[in-house]
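Here is a friendly note to read alongside the model. Please keep the 3D view open as you go through the points.

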Amino acid sequence: MLNNLRNLYLNSFFYDKKISKFTDLLFRYKPSTYLLSSLIKIRTKKNNIADFSLEEIWTNSNLSEKQFKKLNNFFWIFSLDLKSSSNDVQKVITKWININNKYNSKSWEINVLSKRIISWLSNSKLTYDNGTNEYQKNFDLIIQKQIMHLLNQVNHTKNYKNKIISISAIILFSLCYSEQEKKLDAGLDLLKKFIKEVFDKYGFPKSRSIKHSIFYLKYLILIREWFKETQNAIPEFIDEYIFYLGQSYSFFWKNINFDPHFNGNNLSSNFEFDQYLKRCGYAFKNQNHENSSYVSLNNKKINLFMDIGPSPEKDFSDEYQAGSLSFEFLSNGKKIFTNAGYYEGTNYQLNELCRSSALQNTLVLDDNSSCKFIRNSKGEYKINTNLKIIQKNIIFEKNYWKINASHDGYLKKYNLIYERDIEYFPENFKLIGTDKIKGKKDLPNLKFDIRFHLDPSSKVMKTQDNKTILIESGDEGWKFNCNNYEVNIENGLYFNSRSTYVENQNIFISGIINSKNSDIKWELIKI
């Protein structure tokens, strides 16, 4: 009901009049296009706008939703070379203004609109310069009108990625045009509120998402570079949170140079971002072995990476995966054990599946994940039942590593605590795990599974005693065994990129527990 009333208001004459108040503007700051290269792939070989069909570009009814958003956010302008005709570009923008001068839910959708403002202002040599007085006035009017809409609506969105893009657009507008101090203050106040709402006390996203931390870092650096280029004083709180997120970036990428597949993270290809940071003079360092309840223990050959954190709050659980106490294990840069990755496509079954504990390297009781999810009216999966970490301990010595932690994800349903010990002995290339299921009384027979997902390129073979699995990874061989329970191999799915998957295999230990304290011990050793 409230949404319907709000939509009626946004489409009304009164709202259009409210956001159409125009004051004369002076476009003084023309941002450098390269500052967006951390967020947009700016091609070396660019196109000329003459290569595109410009007739009836805004009346094509056969566009998919994705194509429509790409067309209307105008990020395609970044793919044009400066030899393109600014007159042609401005004709396209004029046609867009004539059709979309008033709010509509599709082309004024907050993410699309915000990117459009950033693109138009960042490509001023094509979008603004050499335009007629009438064109520039209409451009200034529609820019100002969209900014007024953002200021009115940005707090209504719970999509935090969209929110920081919108705030960035407001700040950029305020820096580009003269005498916009009030809007700049409003944009900075929104950014402060955003940071307070989205980040924990250590400066890491409450979503516990590695991907989100890098995304927010890119936008905060972009805003900082805009301030720097205009020679305005850089707000201290922006520097503070760039520092925190830079520490995380060093921990999750610079120190290890691979993508840990936890909580929505997939292959990210951050090498280009590394070059961007170097160009802009950023050098982040973090020598700690724990960051935001993730642990990374490594030497020159081996990396053991583990999630020993709680689940996030419901509002920040969009991309959370129920993989608490899951781990990844690498040898010479090659993943021996990897979580199965995250699926962002439109197949709801796969989206739900990739969140389950079964697709992470951790224990599953009675085919239930350690967290429960529900799907809302927007098709988003949110946490319905949280878990907490009860205790954790980390030892990192030259010849002995150990990570110990436990969570209460199975406490409410089964009155059980799950505890995991993972030990590594560098001299022997031996990894030993002990998964402990603890309760106050004996239980009826309860099924458990522990999966160890493999890189799709790995080859595996089971020995005749059903206790040992041989793994071939690159030019290395490893032996996995579990003496107390049967070990098997099954096929699975590996979500390496955002919306595609390949088949892989996983090793799994399965069995029945019926005592109040059950230990499942397994071992991986290089051969």
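1. Which side chain meets Lys-382 in a salt bridge? The partner is Asp-318, at 2.7 Å from N to O. A salt bridge here means a side-chain nitrogen of Lys or Arg within 4 Å of a carboxyl oxygen of Asp or Glu. Lys-382 sits in strand S8 (residues 381–385) and Asp-318 in the loop between S3 and S4, 64 residues apart. Helices (H or I, at least four residues) and strands (E, at least two) are DSSP runs, numbered from the N terminus.

2. Before going on, note that this is a predicted model, where local features need pLDDT of at least 70, side-chain atom pairs count only at pLDDT 80 or more, and totals for chains, interfaces and linings use all residues. Residues are numbered from 1 along each chain as its sequence is written, and side-chain values use heavy atoms, leaving out hydrogens and water.

3. Is Lys-382 buried or exposed? Its relative accessible area is 11%, so Lys-382 is buried, while Asp-318, at 25%, counts as partly exposed. The cut-offs are under 20% for buried, over 50% for exposed, and partly exposed in between (1.4 Å probe, protein chains only).

4. The whole structure holds 22 salt bridges. One of them joins Glu-290 and Lys-392, with the closest N and O atoms 2.7 Å apart. Glu-290 lies in strand S1 and Lys-392 in strand S9, so this pair ties together parts 102 residues apart in sequence.

5. Now look at Ser-324, in the loop between strands S3 and S4. Ser-324 counts as buried because its relative accessibility is 1%. Its contacts (heavy atoms within 4.5 Å) include Asp-307, Leu-387 and His-407.

Conventions:
Lists of a residue's contacts leave out its neighbours within four places in sequence.
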